[in-house]
Amino acid sequence: MENTTWMANYTVRSDFELVGLFSQSKHPAVLCVVIFLAFLMALSGNTILILLIHCDAHLHTPMYFFITQLSLMDVMYISVTVPKMLMDQVMGVNKISAPECGMQMFFYLTLGGSEFFLLAAMAYDRYVAICHPLRYPILMNHRVCLLLVSSSWILGSVDGFMLTPVTMTFPFCRSREIHHFFCEVPAVMKLSCSDTSLYETLMYLCCVLMLFITVAVILSSYSFILFTIHRMNSAEGRKKAFATCSFHMMVVISFYGASVYTYMLPTSYHTPEKDMIVSVFYTILTPVLNPLIYSLRNKDVTRALKKMLNVGSVFQETLK
């Protein structure tokens, strides 16, 4: 009889409840407005950056091609979690079905994994540009760039295809409350009533492998870059090279640091509140900051933006 009741509860209650950021806030309405504004900033900033790079022929270089892909990933990344969270707050609901939860998990894992590998490809691009400038057009031709970008997307999707089905097939017979604002793997795994230790170990090893490959590429690339910058005779060249690389390192440190905390630190270091704060950093703040980092102090991008604004003003004048 008890087994029958348990199975009935397990099959009927297929929805999860997202106990997210707003339940932890004393001023949920204010927080909702702030997150909505951050979402608009990320959406508009990354979209403008993509359009600028697409429209300006001077920005049709490998570096800006990678930045376009990064902006595209950021737009998709923030769109996977934030609209659902905001709509739930406005509508006064916090439920998410199992299929929706699985889809959300798959997309954020795929996009997060793809960004891991793309940042490594961007580091390699900077290494070739600074350390082998004469061979740069050959070593980073359009075919190589497409190969690196497509590999990033494919390897990221492997992460999603591998972790999502396993996570969502575990039996969830405990509380259906996910103490998070989206279906993140560690938060969902806490609801399982079966032994997940082997899966958690495999997930940890998978993250270590991803980190080892990408961090090895990034560290080796920047080690050679710093050595080359140190040997440069031109002060202007050193300044430009260092500025370009420092922007990229800011993005790498913020994104990788949050991922290490979420997937590699022992559970004793985690609390729902800490997990949500860290997740806000890499799901909301990083997509907001990336276009600012790559545009505000970038002369090529600011020049292209001024050019687009001038064209727009001239067009308006002709219509009057």
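Predicted model: local features only at pLDDT ≥ 70, side-chain atom pairs only at ≥ 80, totals over all residues.

Me: At what angle do H5 and H9 pack, and how far apart are their axes?

Reply: Helix H5 (residues 98–131) and helix H9 (residues 197–231) pack at about 20 degrees, and their axes are 9 Å apart. H5 is therefore roughly parallel to H9, since angles under 35 degrees count as such. The crossing of H5 past H9 is left-handed.

Me: What about H4 and H11: at roughly what angle do they cross?

Reply: Helix H4 (residues 62–91) and helix H11 (residues 272–295) cross at roughly 150 degrees, and their axes come within 9 Å. That angle makes H4 roughly antiparallel to H11. H4 passes H11 in a left-handed crossing.

Me: Which residues meet there?

Reply: From H4, the residues are Ile67, Leu70, Asp74, Tyr77, Ile78, Thr81, Val82 and Met85. They meet Tyr282, Thr283, Ile284, Thr286, Pro287, Asn290 and Tyr294 in H11.

Me: Stepping back, how many helices and strands does the chain have?

Reply: The chain has 12 helices and 3 strands. Buried residues account for 45% of its 320 residues. Its accessible surface is about 17200 Å², and carbon and sulfur atoms contribute 71% of that.

Me: And how much of the contact pattern joins residues at least 24 apart?

Reply: Of the contacts between residues at least 6 apart in sequence, 79% join residues at least 24 apart.

Me: Which residues does UniProt annotate as "transmembrane region"?

Reply: The unreviewed UniProt entry gives that annotation to residues 28–52, 64–86, 106–124, 144–163, 202–229, 241–264 and 276–296. In the model, residues 64–86 are 100% helix and 0% strand, with end C-alpha atoms 32 Å apart. Residues 144–163 are likewise 100% helix and 0% strand, and their end C-alpha atoms lie 29 Å apart.

Me: Now for single residues. Where is glutamate 184 found?

Reply: Glutamate 184 is in the loop between strand E3 (177–178) and helix H8 (185–189).

Me: Is glutamate 184 buried or exposed?

Reply: Glutamate 184 counts as buried because its relative accessible area is 2%, and the cut-off for buried is under 20%. Apart from neighbours within four places in sequence, its contacts are Tyr108, Thr262, Tyr263, Ser279 and Tyr282.

Me: Where does aspartate 125 lie, then?

Reply: Aspartate 125 lies in helix H5. With a relative accessible area of 1%, aspartate 125 is buried. Setting aside neighbours within four places in sequence, aspartate 125 is in contact with Pro62, Met63, Phe66, Tyr136 and Met140.

How values were computed: Residues numbered from 1 in each chain as written. Heavy atoms only, no water. Helix = DSSP H or I, 4+ residues; strand = E, 2+ residues; numbered from the N terminus. Buried < 20%, exposed > 50% of the residue type's maximum accessible area, 1.4 Å probe, protein only. Contact = heavy atoms within 4.5 Å. Areas by Shrake-Rupley, 256 points an atom, 1.4 Å probe, with all protein chains shown as cover. UniProt positions renumbered as here; feature names shortened; annotations may be inferred. Axes fitted to C-alpha atoms, helices over the stretch in contact; angles between N-to-C directions. Parallel < 35°, antiparallel > 145°, perpendicular 65-115°, else oblique. Left-handed = near helix turned anticlockwise from the far one by under 90°.
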